[in-house]
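Colleague: I have just opened this entry and would like to go through it with you step by step. Could you take my questions in turn?

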There are 2 protein chains.
Amino acid sequence: MSEIANTPKPPYYAVIFTSERTEGDNGYGAMAEKMVELASKQPGFLGIESAREGVGITVSYWRDLEAIKAWKANSAHQVARKKGREEWYSSFRLRIAKVERDYGL
Amino acid sequence: MSEIANTPKPPYYAVIFTSERTEGDNGYGAMAEKMVELASKQPGFLGIESAREGVGITVSYWRDLEAIKAWKANSAHQVARKKGREEWYSSFRLRIAKVERDYGL
């Protein structure tokens, strides 16, 4: 289960991925798990948070734009992204944002 | 139910609020609904996305930092935030981030 990511002091980057799924699993669950595992091993990866309740929101955190770009270019990730566009998501929005401040409890 | 927010062309701001709840409702559900309704009426509010699955992630979008600051200072919101810290959340992290790029399907 997803937890609150223990990110370092800002600045760093967030990739906010909000999606709506198509019907049925169609291999999505296994691939999503694999992608989280793979992303976690990339240089500059800082953490990930995820929840789905109707809409799905996954926020991954990265050291800088270069790290995000390298992950986007990862070949296994490219295969997953293609399947996402073609099969798994009826719609999505991906936003790249620079985290300037944070605080917590 | 939450949907994907139809935000304008970047730049704009995202407030990423990730939380873990304490046991029981304790008035949380009604207040959360009221806060979404109230936030939606604030100047500079652009949209909101929310999902809870173990961890809860709510991302609200705002025109600029001034709009975020004004919402933070809203008196009804201040009452809700105090209850959140004291009763509803066992832990949370709030991140303020500038959305630089986005794309979707």
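Modeller: A:Arg95 forms a salt bridge (a side-chain nitrogen of Lys or Arg within 4 Å of a carboxyl oxygen of Asp or Glu) with B:Glu49, and their closest N and O atoms are 3.1 Å apart. This is a predicted model, in which local features need pLDDT of at least 70 and side-chain atom pairs count only at pLDDT 80 or more, while totals for chains, interfaces and linings use all residues. Residues are numbered from 1 along each chain as its sequence is written, chains are lettered from A and ligands numbered from 1 in the order in which they are written, and side-chain values use heavy atoms, with hydrogens and water left out.

Colleague: How many salt bridges are there between chain B and chain A?

Modeller: The pair A:Arg95 and B:Glu49 forms a salt bridge. Between chain B and chain A the count is 4.

Colleague: Which element gives the most to the side of chain B that touches chain A?

Modeller: Contact here means heavy atoms within 4.5 Å, and 46 residues of chain B are in contact with 46 residues of chain A. Across the interface, 29 residue pairs, both at pLDDT 80 or more, are in polar contact, that is, a pair of N or O atoms within 3.5 Å, where within protein one must be able to donate a hydrogen and the other to accept it, and residues adjacent in sequence count only if both atoms are side-chain atoms. Among the elements of chain B that each supply at least two residues to this side are β1 (12-21), α3 (75-88) and β4 (89-104), where helices (H or I, at least four residues) and strands (E, at least two) are DSSP runs numbered from the N terminus. The one that gives the most, with 16 residues, is β4(B).

Colleague: Within chain A, how many residues of strand β3 are buried?

Modeller: Strand β1 (residues 12-21) of chain A pairs with β3(A) in the antiparallel sense over 7 bridges, and A:Ile16 stands opposite A:Val59. Strand β2 (residues 45-53) of chain A also runs antiparallel to β3(A), joined by 8 bridges. With buried meaning under 20% relative accessible area (1.4 Å probe, protein chains only), strand β3 (residues 55-62) is mostly covered, the buried residues being 7 of its 8.

Definitions and conventions
Buried means under 20% relative accessible area, exposed over 50%, partly exposed in between (1.4 Å probe, protein chains only). Two strands pair if DSSP finds at least two bridges between them.
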